[in-house]
Amino acid sequence: MRKILTMGMAAIFLLAVMLSGCSTKADQGDKMLNLNITGEPTSLDPAQAFDEDSLDITHNLFVGLMRLDENHQPQPAIAEKVETSEDGRVYTFTLRKTKWSDGSPLTAHDFEFAWKRVLNPETASKAAFLLYFIKGAEAYNQGKAGVEEVGVQALDDNTLRVELEKPTPSFLELTAYPVYSPVSKQAFEKNPDMFQNAQNYASNGAFRLAEWKHNNYVKITKNENFYKANEVKLDGIHFSVITDNQTVYQMFQTKKLHVASKSSIPGELLTRLIGEGKVKTMEGSGLSFFRFNVKEKPFTNKKIRQAFALAVDRKLITEQIVGSGEEPAYAYVAPSVPDNFRKEGGNLIADGQYEKARQLLAEGMKEEGWDRLPPVTLMYSNATDKNKKVVEAVQEMYRKHLGVEIQLQAKEKKVYYADQENTRFVMSTSSFLADYNDAYNYLESFQTGHPMNRTNWSNEKYDALLKQASETADPETRKKLLHEAEAILFDDMPVFPLYYYNTAYMEQPGVKGIIRHPVGPKDYTYAEVN
């Protein structure tokens, strides 16, 4: 066994050396940050970048009206000044004078062009929905209105006026995301394929695209035309395409990479390294949770749903099975959401209420006239061993705490998602990652008919509260409405939480200044390597 392990590590090391050979000489310099991405970027076009790797690169090639700071708050970037109407529906941005990486001036017309391009149905942007807060945006994107109905207008070269459908407290935060980046109208009209390679690429962020060797690496270098170029310490960043996690970890160990994420750290080491403080952790966005299909027995009964939710020990699963420093979830909206939403809302469920769970199960079965519980099948994706371990633990908890035997149903990832979208399940594992860091984003999914609902659950009061929250400009009133909605979600229990996601990573000594956010891509503008 030891020989096999040693030979395996040797092979991994050899592969790491071969991969590191793909780097250019500049990448070995003192001011190059060497990182990995898990696959070929799907796109480096702000309108199309939607997976994590593509977003991380694109976010550092572009900068929008606002930029999130180290405290995850939006601060003026290309926008020098922002004025908001009293009703919270109209924003007027005054732009600072800046340039594109090709030296041409950046204007408000570039923002108007970029946003309307995202919404153009022909662009087919997966992230277009993030602009639906703008007046007429959704109707245009769905082919129900013309582009002239979209509430975005460049009043002159330095002034952008934006009209929203309704007050949106998180709008300034949203303008910091890559999909809200400007695009050089002049460069794009000259070369519509400008985002396919480095030759014609124009960006306005801290970095410019220098090389893109497809399926090999992406190299970005300092953009001397960036409006804060004097604050950028790096010469550039080299993103190696490495699909094997073991190789990533080995390259980090041999200092070929500056950063390793938790997914690349062997599971048996991760918990120990977190305990030793060698792996840093921070709050993430979203959570792991379970869905019930409320049209499938036995989960047509609310008390039975509550019983199954209370019979799970979240703390045990988080600490002994997941083991990556995550926090057990006792509500749906994550603690990382601003304005103390979770702290003020408190816990809405608890561990250890097994007697109450058994009581609720008995009451629910009596209400339905069942002497025997209808069969329960828990569907899960077989994409990782962790998924299997979690559902096996839950299966045992139901046996121990409820006296119920459930069946586990492993599905290939694509089939799993298709079945979940079409509610072809009785009970299912689930996950949620926030699109923007707002309690509304967490709760909007469970409105009647929402494509992310996937439970067949419908509650008129819940829908009304979400509608009211979306139309009020007063932040405290809005927060109160969302707390009420979350309480209804936990009373009816079409879903129940397991644990909140986190971010965990290792960095080489001397790496500093990388800004990570609970929601959104990483910012390398102020990163340093020593």
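Which residue caps the N-terminal end of α9? Asn301 does, with a side-chain oxygen 2.9 Å from the backbone nitrogen of Lys303. A polar contact is a pair of N or O atoms within 3.5 Å; within protein, one must be able to donate a hydrogen and the other to accept it, and residues adjacent in sequence count only if both atoms are side-chain atoms.

This is a predicted model, in which local features need pLDDT of at least 70, side-chain atom pairs count only at pLDDT 80 or more, and totals for chains, interfaces and linings use all residues. Residues are numbered from 1 along each chain as its sequence is written, and side-chain values use heavy atoms, with hydrogens and water left out.

Helices (H or I, at least four residues) and strands (E, at least two) are DSSP runs, numbered from the N terminus. Helix α9 spans residues 302-310 and is mostly covered. Seven of its nine residues are buried (under 20% relative accessible area; exposed is over 50%, partly exposed in between; 1.4 Å probe, protein chains only). They are Ile304, Arg305, Gln306, Ala307, Phe308, Ala309 and Leu310.

Asn141 belongs to helix α4, residues 137-141. Asn141 counts as buried because its relative accessibility is 17%. Phe129 is twelve residues from Asn141 in sequence, and their C-alpha atoms are 8.5 Å apart.

**Strands around β19**

Two strands pair if DSSP finds at least two bridges between them. Strand β19 covers residues 495-507. It is mostly covered, with eleven of its 13 residues buried. The table lists pairings of β19.

| Strand paired with β19 | Bridges | Direction |
|---|---|---|
| β14 (residues 280-292) | nine bridges | antiparallel |
| β13 (residues 259-261) | three bridges | antiparallel |
| β15 (residues 327-328) | two bridges | antiparallel |

Individual partners can be named. Leu287 is the bridge partner of Tyr500 in β19. Glu327 also stands opposite Tyr500. Met282 is the bridge partner of Thr503. Ser261 stands opposite Tyr505.

β14 pairs with β18 (residues 427-432) as well, through six bridges in an antiparallel run. There, Phe290 stands opposite Thr429. In a regular strand the side chains alternate between the two faces of the sheet.

**The second largest pocket**

A pocket is found on a 1 Å grid over the protein atoms alone: it is an open set of points where a 1.4 Å probe fits, with protein on both sides within 12 Å along at least five of seven lines, and lining residues have an atom within 4 Å of a point. Grid points are joined across faces, edges and corners, and a volume is the space filled by probe spheres set on the points.

The second largest pocket holds about 520 Å³ of space. It is lined by 25 residues, and the closest to its centre are Pro169, Ser170, Asp339, Asp438 and Arg478. Helices α5 (171-174) and α17 (475-492) each supply at least two lining residues. The largest share, five residues, comes from α17. By class, the lining has twelve nonpolar, seven polar and six charged residues. Ala, Val, Leu, Ile, Met, Phe, Trp, Tyr, Cys and Pro count as nonpolar, Asp, Glu, Lys and Arg as charged, and the others, Gly among them, as polar.
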